[in-house]
Amino acid sequence: AIASNNDVRLATERIIQARAERGIAASAGIPSVNAGAAYDRTRTSENTHNGSFFNESSSGTDNYSVGLDASWEIDVFGGVARAVEAADADIQALEESRRDVLVALAGEVARNYIDLRGYQQRIEVTQRNVQIQTDTLSLTDSRYQAGLTSELDVVQARAQLEATRAAIPPLDESARAAIHRLGVLLGSQPGS
């Protein structure tokens, strides 16, 4: 569930984003260096030279430029330090939020798993009761045929058997719903 749940992934990505933002806030307190370089070449046209259209030699100029800038802003009033502290607090809050998601997820998985196993156990018990009540109905019917009991006993045994059988489909539906919820929590196809 932890490996494939979207809420956990989202919480983890938020922590990564907050750490990157902390790096940006911390970078405001370190010196910055910018460097640049450029080159260009200019040539005069062969057709124009001192007013003449026929120049036999063309001249060119190469231009190089290199620049280096360094700057550092001193954190006199502590703005950068406070921004870094705020970013650290955000990271801690997001980590705790992720832990909350993990605890809630684990709790939901456990609750739904226990629900599922409980429904499965109740289905098994109900099916055993159906078998026992079927045997009881058969015995009661045999006693009725022998004249040892009344027809009312047979009708009551049959009603009890049908009531027990009718309890199985809702339990099956509840078990399927628990399986569906587990599938969603595990990030897989519902019912898989």
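Visitor: Among contacts in the protein between residues at least 6 apart in sequence, what percentage join residues at least 24 apart?

Guide: The figure is 69%, where a contact means heavy atoms within 4.5 Å. The model is predicted: local features need pLDDT of at least 70, side-chain atom pairs count only at pLDDT 80 or more, and totals for chains, interfaces and linings use all residues. Residues are numbered from 1 along each chain as its sequence is written, and side-chain values use heavy atoms, with hydrogens and water left out.

Visitor: Which helices and strands does the protein have, and in what pattern?

Guide: The protein has four helices and two strands, in the order α-β-β-α-α-α along the sequence. Helices (H or I, at least four residues) and strands (E, at least two) are DSSP runs, numbered from the N terminus.

Visitor: Why is the protein called more spread out than a compact globule?

Guide: The radius of gyration, taken over C-alpha atoms, is set against a globule rule of 2.2 Å times the number of residues to the power 0.38. For 192 residues the rule gives 16 Å, and the protein's value of 41 Å is well over that, so the protein is more spread out than a compact globule. Its C-alpha trace spans about 140 × 55 × 15 Å along the principal axes.

Visitor: Why is V84 called buried?

Guide: Buried means under 20% relative accessible area, exposed over 50%, and partly exposed in between (1.4 Å probe, protein chains only). V84 has 15%, which is under 20%, so V84 counts as buried. This residue lies in helix α2 and, leaving aside neighbours within four places in sequence, is in contact with R22, A25 and A26.

Visitor: How do you know that T126 is buried?

Guide: The relative accessible area of T126 is 11%, also under the 20% limit, so T126 is buried. T126 is in helix α2 as well. Not counting residues up to four places away in sequence, T126 touches T164, A167, I168 and L171.

Visitor: What makes F77 exposed?

Guide: F77 has 79% relative accessibility, over the 50% limit, and therefore counts as exposed. F77 sits in the loop between β2 (60-71) and α2 (79-145).
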